[in-house]
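Hi,

Here is the structure I promised to pass on.

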Amino acid sequence: MLPVNEAEAIIYSLVQPLDSQVDTEIIDLPAASGRILAKPITSHLDFPHWDNSAMDGYAVRYEDVKNSNLENPTVLQIIEEIPAGYQPKSVLQLGQAARIFTGAIIPTGADTIVMQEVTHREENRVLIKAAPKQGEFIRKKASYYQAGDILLPAGIVINAPEIAVLAAAQCNQLCVYRKLKVAILSTGDELVTVDKTLQPGQIVDSNNYALTALVQHLGAEAISYGIVPDNEEVLKATIEQAISKPLGGADIVISSGGVSVGEYDYVEKILESLDGKFHIRSVAMKPGKPLTVAAFPNSKLYFGLPGNPVSALITFWRFVQPAIKKLSGLADSWQAAFIKAKASSELRSDGKRETYIWGKLELVDGEYEFVVPGGSQVSGNLINLAQTNGLAVLPTGTKLISQGKEVRVLIVR
Ligand code: AMP
Ligand code: MG
């Protein structure tokens, strides 16, 4: 049995991210949400695109107004009004000002903006009642970003903030990593799809639905191989199809069930017969001990998750999720993420294996508390999984974390 952190390190080392030259596609900006940039982005535009006003006020020549004060306001002639979106027509001369609005282009000759609040308008004239600082309230062209520089680096996820940047920069087409394909199969004679009437002994293949949702949530495409009976030949043929290129076409194969020590647990034997190299056969964690990880000569990764729905989800969150994120081209932040929270009730383990307790992170007065749901924490019970967004971790050797004490929580979802 491997300690969890060793298993994690092995999995991370097995994952070779997608190739930024080959594994890419060009997409339009409106379709970019959640995708990962494969190439850095540059823009042909400066930001700001031109010198413009940061205030509603008056564009002036600093020389004209530098001695202004309440007792001796400077009087300037207003020669033009420049709303946002218009090109100024005139050139400011001695004693002149232009009425200007936020975002509008600074007219030639002006070097400073006086904000409206320290002025007084009298028809075509404006009184400047306080001296501005030279250059004040002018957003200088290219002061935020210079055309040709790197605007966004490769390896980041495109979300609303990035979409705003890309749209403003007129980057309408992007090179992103292709979507990963993840094959999902469930093993077990007892399993049926959600729509079937249950015969004695049957249960619904809930893992398939849950794993599909998890994979899709990560932006990958789930390829379902459905339910495979506990029949060595059929299971072997299905796994072979899933791992082979181009037939299966999956980057990662995930199965659930059939990795324990029972008579009908064929997965390990089949992986061996298909030249899979075993990297993990069991992990010192609870639940999740039977986790099996193998790599095939064509570099495809195989995750054999335990069948119990709780164990399948927990091993997915702990190991498969970071692997999918790394493989998908994310440059960083793909590792499992933990936070510290206050245990809202005592947390117990037998101390023999690293123990994962599922529950809910709740914000109480701005601090995270970890709340254990009602019902039993056994891997056969999936009913109290609902609302899980964190897994409290009790390290090997820790039998108790008292109520109110700090606990490390893996953030899931
Ligand atoms: P196994 O690892 O195949 O021995 O399965 C362990 C437990 O998980 C058994 O009670 C199975 O019935 C259950 N199980 C296995 N696969 C699934 C699945 N896809 N969906 C729901 N429960 C499952
Ligand atoms: Mg089984």
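Below is what I found, sorted by region.

A word on conventions before the details: this is a predicted model, in which local features need pLDDT of at least 70 and side-chain atom pairs count only at pLDDT 80 or more, while totals for chains, interfaces and linings use all residues. Residues are numbered from 1 along each chain as its sequence is written, chains are lettered from A and ligands numbered from 1 in the order in which they are written, and side-chain values use heavy atoms, with hydrogens and water left out.

Let me start with strand E21. Of its 5 residues, 5 are buried, so E21 is largely enclosed by the rest of the structure (buried means under 20% relative accessible area, exposed over 50% and partly exposed in between, with a 1.4 Å probe and protein chains only). Both faces are covered: Leu-301, Phe-303 and Leu-305 lie on one side, with Tyr-302 and Gly-304 on the other.

What does E21 pair with? Strand E17 (residues 252-256) runs parallel to E21, with 5 bridges between them (two strands pair if DSSP finds at least two bridges between them). Within that pairing, Ile-254 has Phe-303 as its bridge partner. Strand E20 (residues 292-295) pairs with E21 too, this time antiparallel over 4 bridges, and there Ala-294 sits opposite Tyr-302. The hairpin of E20 and E21 has 5 residues between the strands, and Ser-299 takes a positive phi near 75° in it.

Next, the helices around H7 (residues 309-327). Helix H4 (residues 206-217) packs against H7 with the axes 11 Å apart and an angle of about 25° (axes are lines fitted to C-alpha atoms, for helices over the stretch in contact, and angles run from 0 to 180 degrees between N-to-C directions). That angle makes H4 roughly parallel to H7 (under 35 degrees counts as roughly parallel, over 145 as roughly antiparallel, 65 to 115 as roughly perpendicular and the rest as oblique).

Val-4, Ala-7, Glu-8, Ile-11 and Tyr-12 of H1 make the contact with Arg-318, Phe-319, Pro-322, Ala-323 and Lys-326 of H7 (contact means heavy atoms within 4.5 Å). This crossing is right-handed.

There is also an open sheet of 6 strands with mixed pairing, in the order E7-E4-E6-E5-E9-E8. Its edge strands, E7 (112-115) and E8 (119-122), each pair on one side only. Neighbouring strands in the sheet are turned by 35° against each other on average, direction ignored. At the E7 end, E4 (residues 57-60) pairs with E7 in the antiparallel sense over 4 bridges, and Ala-59 faces Ile-113.

Finally, the cysteines. The structure holds 0 disulfides (a disulfide is a pair of cysteine sulfur atoms within 2.5 Å). Cys-171 is buried at 9% relative accessible area, and Cys-175 counts as buried at 13%.

Cheers

How values were computed:
Helices (H or I, at least four residues) and strands (E, at least two) are DSSP runs, numbered from the N terminus. A crossing is left-handed if the near helix is turned anticlockwise from the far one by less than a right angle, and right-handed if clockwise.
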